[in-house]
Amino acid sequence: QMQQQQMQMQQQQLMQQRMQMEEQRRKVEEANRMRMAEQRRMQEEMQRKMFEDQRLKMEAMRKQQMEVQTAATIRKAFWRLKSALPENFEDLKQEMAKMLAEQLENCGDQQETLRAEGDKALEDATAKIE
């Protein structure tokens, strides 16, 4: 009978050990799932940030390109005014004023420079006509 009790105790201990091992395995698996989920979340966040950064860079490049193109168009109006003849001076002067009024705000950091160039073009064209 003593032997039987010892065997039962050993079986209970083995059962407890198995249960502990199973619980430990479940905990490890859950920790792995949590770690994998966090890694996925971080990777997705990095990818979102990368796409957003790329979108912002493209947007800035488009804006800069538009500013450069607009400034070039305005400068053409300055050049035409500087080349004006007495017959078309007033028309070209109005064209330049209209161009500045409509487009200058699209020139970003170049606004003040273009405004000064416009004043100089008008001054030079006026002196040439007179």
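**Helix packing and overall form of the predicted model**

Among contacts in the protein (heavy atoms within 4.5 Å) that link residues at least 6 apart in sequence, 71% join residues at least 24 apart. The model is predicted: local features need pLDDT of at least 70, side-chain atom pairs count only at pLDDT 80 or more, and totals for chains, interfaces and linings use all residues. Residues are numbered from 1 along each chain as its sequence is written, and side-chain values use heavy atoms, with hydrogens and water left out.

The protein has three helices and zero strands. Helices (H or I, at least four residues) and strands (E, at least two) are DSSP runs, numbered from the N terminus. Along the sequence the pattern reads α-α-α. The C-alpha atoms fill a box of roughly 130 × 15 × 15 Å, taken along the principal axes. The radius of gyration is 39 Å, whereas a compact globule of 130 residues would have a value near 14 Å. This radius is taken over C-alpha atoms, and the globule rule is 2.2 Å times the number of residues to the power 0.38. Of the 130 residues, 15% count as buried. Buried means under 20% relative accessible area, exposed over 50%, and partly exposed in between (1.4 Å probe, protein chains only).

Two packed helices are described by the angle between their axes and the distance between the axes. Helix 1 (residues 2–82) packs with helix 3 (residues 111–129) at an angle of about 15 degrees, and their axes lie 8 Å apart. Helix 1 is therefore roughly parallel to helix 3. Angles under 35 degrees count as roughly parallel. Axes are lines fitted to C-alpha atoms, for helices over the stretch in contact, and angles run from 0 to 180 degrees between N-to-C directions.

On the helix 1 side, the contact includes Ala-71, Ile-74, Arg-75 and Phe-78. Their partners in helix 3 include Thr-113, Leu-114, Glu-117 and Ala-121. The residues of this contact divide into eight nonpolar, two polar and five charged. Ala, Val, Leu, Ile, Met, Phe, Trp, Tyr, Cys and Pro count as nonpolar, Asp, Glu, Lys and Arg as charged, and the others, Gly among them, as polar.

Thr-70 lies in helix 1. Thr-70 is buried, with a relative accessible area of 9%. Leaving aside neighbours within four places in sequence, Thr-70 contacts Gln-103, Asn-106 and Cys-107. Gln-54 also belongs to helix 1. Gln-54 counts as partly exposed, at 47% relative accessibility. Gln-54 and Ala-101 are 47 residues apart along the chain, and their C-alpha atoms are separated by 33 Å.

Notes. Parallel < 35°, antiparallel > 145°, perpendicular 65-115°, else oblique.
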